[in-house]
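Hi,

Here is the structure I promised to pass on to you. Have a look at it first, and my notes follow below.

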Amino acid sequence: MPPQTEQPFRHLVLIGFMAAGKSVVGREFASRRQLKFTDTDQLITERHGPISELFAARGECYFRELEARAVASALAEKNPGVISLGGGAVLDTGTQQLLRSGATVVFLDTDLETVLPRIVRSGHRPLLAGDPARRWQELAKARRPVYESLADITIDTRGLTVTAIIDRLTTILNEGA
């Protein structure tokens with residue numbers, strides 16, 4: 001019998017609703033593991049300017065094209081790392097295919113009660129214009145099935161600190177090793 005080879009580490013990609021904590025958790029998890037951290041929203045902002053301005057000037061379709069390219073670029077990195085996606089990035093079918101073939105996908109699940117204070121504080125989310133709570137719930141209802149279908153791991157983050165989320169994720173990853 002040939003010797004067993006260790007499965008190479010794949011990119012760890014965090015998906016979920018806006019304000020779920022993907023960037024904060026991803027940055028800290030990457031730091032602990034000494035991995036590169038990439039936030040695709042940050043990539044877009046660095047290359048093209050603030051997301052709210054992109055939405056206002058060019059619309060959501062243009063933003064989604066930039067987002068799909070940012071995700072593809074992050075996933076194309078040779079050395080695996082931790083990648084945080086914007087909430088709607090998973091809507092692109094090309095992105096879905098890339099995630100299924102080249103990443104371990106973690107869905108950080110949450111609810112409106114948990115994220116509403118964060119949303120209100122940030123105040124710069126174009127898709128939540130008008131009634132942020134109602135819009136968030138509409139988006140969550142539409143996106144939840146996509147998140148669930150892509151997720152290799154789902155973590156219910158309600159009531160958990162960043163440290164507790166990372167500890168839970170670490171335990172799950174270690175159990176699967």
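The structure holds four aromatic pairs, where a pair means rings of Phe, Tyr or Trp (its six-membered ring) with centres within 6.5 Å; planes under 30 degrees apart count as stacked, over 60 as edge-to-face and the rest as tilted. One of these pairs joins F17 and F107: the ring centres are 5.7 Å apart and the planes stand at 75°, so the pair is edge-to-face. Because F17 lies in the loop between β1 and α1 while F107 is in strand β4, the pair ties together parts that are 90 residues apart in sequence. Helices (H or I, at least four residues) and strands (E, at least two) are DSSP runs, numbered from the N terminus.

Before going on, a word about the source. This is a predicted model, in which local features need pLDDT of at least 70 and side-chain atom pairs count only at pLDDT 80 or more, while totals for chains, interfaces and linings use all residues. Residues are numbered from 1 along each chain as its sequence is written, and side-chain values use heavy atoms, with hydrogens and water left out.

Are F17 and F107 buried or exposed? F17 has a relative accessible area of 2%, so it is buried; the cut-offs are under 20% for buried, over 50% for exposed and in between for partly exposed (1.4 Å probe, protein chains only). F107 counts as buried because its relative accessibility is 0%. F107 also forms an aromatic pair with Y147, this one tilted, at 5.1 Å centre to centre and 35° between the planes. That pair links distant parts of the chain, with F107 in strand β4 and Y147 in helix α7 (residues 132-150), 40 residues apart. Y147 is at 0% relative accessibility, so it counts as buried too. Together, F17, F107 and Y147 form one aromatic cluster.

What is the order of its strands? The sheet is open and has five strands in the order β2-β3-β1-β4-β5, with parallel pairing; two strands pair if DSSP finds at least two bridges between them. At the edges are β2 (37-39) and β5 (153-156), each pairing on one side only. From one strand to the next, the twist averages 20°.

The individual pairings can be followed from strand to strand:

- β4 (residues 103-109) pairs with β5 in the parallel sense over four bridges, and F107 stands opposite T154 in β5.
- β1 runs parallel to β4 and is joined to it by five bridges; H11 has A103 in β4 as its bridge partner.
- β1 and β3 (residues 82-84) pair in the parallel sense over three bridges, and L14 has S84 in β3 as its bridge partner.

β1 is mostly covered, with five of its five residues buried. H11, V13 and I15 point one way from this strand, L12 and L14 the other way, and all are buried.

Helix α8 (residues 162-176) lies across β1, β4 and β5 and runs at about 150° to β5. For such angles, axes are lines fitted to C-alpha atoms, for helices over the stretch in contact, and angles run from 0 to 180 degrees between N-to-C directions; contact means heavy atoms within 4.5 Å. The other is α5 (residues 93-102), which packs on the sheet, touching β1 (11-15) and β4, with its direction at about 115° to that of β4.

There is also something from the records. UniProt, in an unreviewed entry, places the feature "binding site" at A19, A20, G21, K22, S23, V24 and R125; the positions are given in the numbering used here, feature names are shortened, and annotations may be inferred rather than shown by experiment. A19 is buried, because its relative accessible area is 10%. S23 is in helix α1 and, with a relative accessible area of 23%, is partly exposed. Which residues does S23 touch, not counting residues up to four places away in sequence? They are F37, D39 and S84.

Enjoy exploring the model!
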